Amino acid sequence: MTIDMTTTAPGPAHGSDRARQRGLIALCLTEITSWGALYYAFPVLLGAITVDTGWSTMTVMGAFSVGLAVSAIAGIPVGHLLDRLGPRPVMTTGSIIGVLSVVAIATAPTPGWFIAAWAVSGLAQACVFYKPAFAAITGWYGPSRVKALTALTLVAGLSSTIFAPLTAAIADRTDWRTTYLILAAVLAVITIPTHAVFLNVPWRRYDGQRAATEQPKRRRRGILRSRAFICLVIAMALASFGMFAATVNLVPLLTEQGSSTSFAAWALGLCGAGQLLGRVGYGRLAKATTTRVRTVAVLAAAAVTIAVTAVTAAPTVTLIAAAVAFGATRGILTLLEATAVSDRWGTEGFGALYGAFSAPSTVAMATTPWIGAVLTDWVGGYQALFGYLAGFVVLAAVFGFFSVSRSGHPSEDSSATNP
């Protein structure tokens with residue numbers, strides 16, 4: 001149970017290969033389960049929750065948004081805890097909090113209780129979702145972390161593919177409250193012991209101070225104020241909002257158009273499968289395209305798939321293909337966003353620049369469920385909502401076109417080699 005908490009500068013990846021492999025496999029399993037129970041089950045159960053409780057869709061989606069907002073805010077102190085303690089105690093504690101939050105969601109008697117339960121869930125998300133898992137792998141694998149991170153995102157991308165249909169199958173046989181209680185049990189059995197037992201790779205605190213102080217302030221200010229950086233921030237915030245809202249509202253859209261909940265859940269699951277295809281193919285896409293072309297092409301393709309999904313009124317091959325294609329563009333967006341800053345301005349001072357770049361997207365994603373519910377009421381239904389979402393992503397593609405500066409950095413608007 002001992003964790004190495006030395007504060008020396010980071011060196012080569014440490015811990016035995018076998019321990020690191022066990023840790024990676026454990027994280028693949030727990031990320032699938034955590035995302036499934038704390039995230040992907042919600043859009044499947046949304047309709048049942050509103051019908052059973054009588055609470056408005058805006059209220060229920062607002063509670064989900066509160067959880068995401070808490071997750072974004074809690075990510076900062078959780079990051080400090082990861083540096084001090086390592087992933088094992090943080091993620092194990094997060095799993096326990098996650099189980100308690102899902103039980104609280106399932107038993108919520110009032111909207112206030114429901115919102116508070118989702119707020120607690122947000123704290124759990126900050127402790128068990130991608131950010132702490134990425135920190136763990138980066139600390140364990142050091143220079144060889146890229147392959148491990150790719151493996152994790154590929155496997156974890158199966159979460160919606162597994163848990164959306166699983167949640168629908170359970171909900172077909174019982175009510176939403178019992179479904180969440182079953183998911184809480186699954187979360188407890190899989191994630192708590194797995195985090196406690198297998199995340200036992202020795203941990204070394206990462207000292208990022210030196211890298212932060214070496215970033216010239218004048219250059220950083222210039223980048224932050226540049227047209228390219230501002231356009232990039234706007235493009236990714238709009239894209240994150242549009243694509244995230246489409247994902248959250250896909251099941252309600254399809255059921256509104258006459259599809260069964262089971263089929264809609266399978267369509268959501270296919271989006272997850274599409275994400276895997278997108279991530280597998282991103283390396284080739286990056287080599288074959290410039291930064292500008294890659295950004296615009298991915299966002300334009302996402303807008304088209306959202307629009308096609310909106311106008312397809314019944315379960316068809318076209319709808320299934322659109323779901324897979326949308327998932328692929330969303331999977332590519334994850335890697336596109338992760339490399340957007342370094343592709344344009346290199347890796348010097350990456351942490352400070354990426355923090356400023358990603359903050360608006362994080363806020364957009366946290367507020368998406370609630371804003372999406374408001375927009376749905378305002379425009380008169382999910383089909384119209386998807387039309388507006390497609391428009392937002394088209395606008396993102398326009399800003400993406402102008403997100404490459406003219407300062408002559410060798411990685412700008414050229415085929416970039418991903419770090």
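A charge is taken to sit over a ring if NZ of Lys or CZ of Arg is within 6 Å of the ring centre and within 35 degrees of the ring normal. The legends below apply to a predicted model.

**View 1. R292 and the ring of F401.** The charged end of R292 sits over the ring of F401, at 4.8 Å from the centre of that ring. F401 belongs to helix α17, which spans residues 382-401. The relative accessibility of F401 is 40%, so this residue counts as partly exposed.

**View 2. The nonpolar surface patch that includes F401.** F401 contributes to a nonpolar surface patch together with V394, L395, V398 and F402. The area of this patch is about 410 Å².

**View 3. The aromatic pair of Y39 and Y40.** The structure holds 17 aromatic pairs. In the pair of Y39 and Y40, the ring centres are 4.7 Å apart and the planes stand at 85°, so the arrangement is edge-to-face. Y39 has a relative accessibility of 3% and therefore counts as buried. Y40 is likewise buried, its relative accessible area being 7%.

**View 4. The aromatic pair of F114 and W176.** The planes of the F114 and W176 rings are at 85° and their centres lie 6.3 Å apart, so this pair is edge-to-face. F114 is located in helix α4 (residues 111-128) and W176 in helix α8 (residues 176-198), so the pair ties together parts that are 62 residues apart in sequence. Both F114 and W176 are buried.

View 5. I223 is part of helix α10, which covers residues 217-225. With a relative accessible area of 6%, I223 is buried.

**View 6. The protein chain as context for the close-ups.** The secondary structure of the protein chain comprises 17 helices and zero strands. Of its 419 residues, 50% are buried. Among contacts between residues at least 6 apart in sequence, 84% join residues at least 24 apart. The protein chain exposes about 17400 Å², and carbon and sulfur atoms supply 68% of this area.

Key: Residues are numbered from 1 along each chain as its sequence is written. This is a predicted model: local features need pLDDT of at least 70, side-chain atom pairs count only at pLDDT 80 or more; totals for chains, interfaces and linings use all residues. Side-chain values use heavy atoms; hydrogens and water are left out. Patches are made of residues with over 30% relative accessible area and no salt bridge: like charges are joined within 9 Å, nonpolar side chains (Val, Leu, Ile, Met, Phe, Trp, Tyr) within 5 Å. Accessible areas come from the Shrake-Rupley method with a 1.4 Å probe; for residues, only the protein chains shown count as cover. A salt bridge is a side-chain nitrogen of Lys or Arg within 4 Å of a carboxyl oxygen of Asp or Glu. Helices (H or I, at least four residues) and strands (E, at least two) are DSSP runs, numbered from the N terminus. Buried means under 20% relative accessible area, exposed over 50%, partly exposed in between (1.4 Å probe, protein chains only). Rings of Phe, Tyr and Trp (its six-membered ring) pair if their centres lie within 6.5 Å; planes under 30 degrees apart count as stacked, over 60 as edge-to-face and the rest as tilted. Contact means heavy atoms within 4.5 Å.
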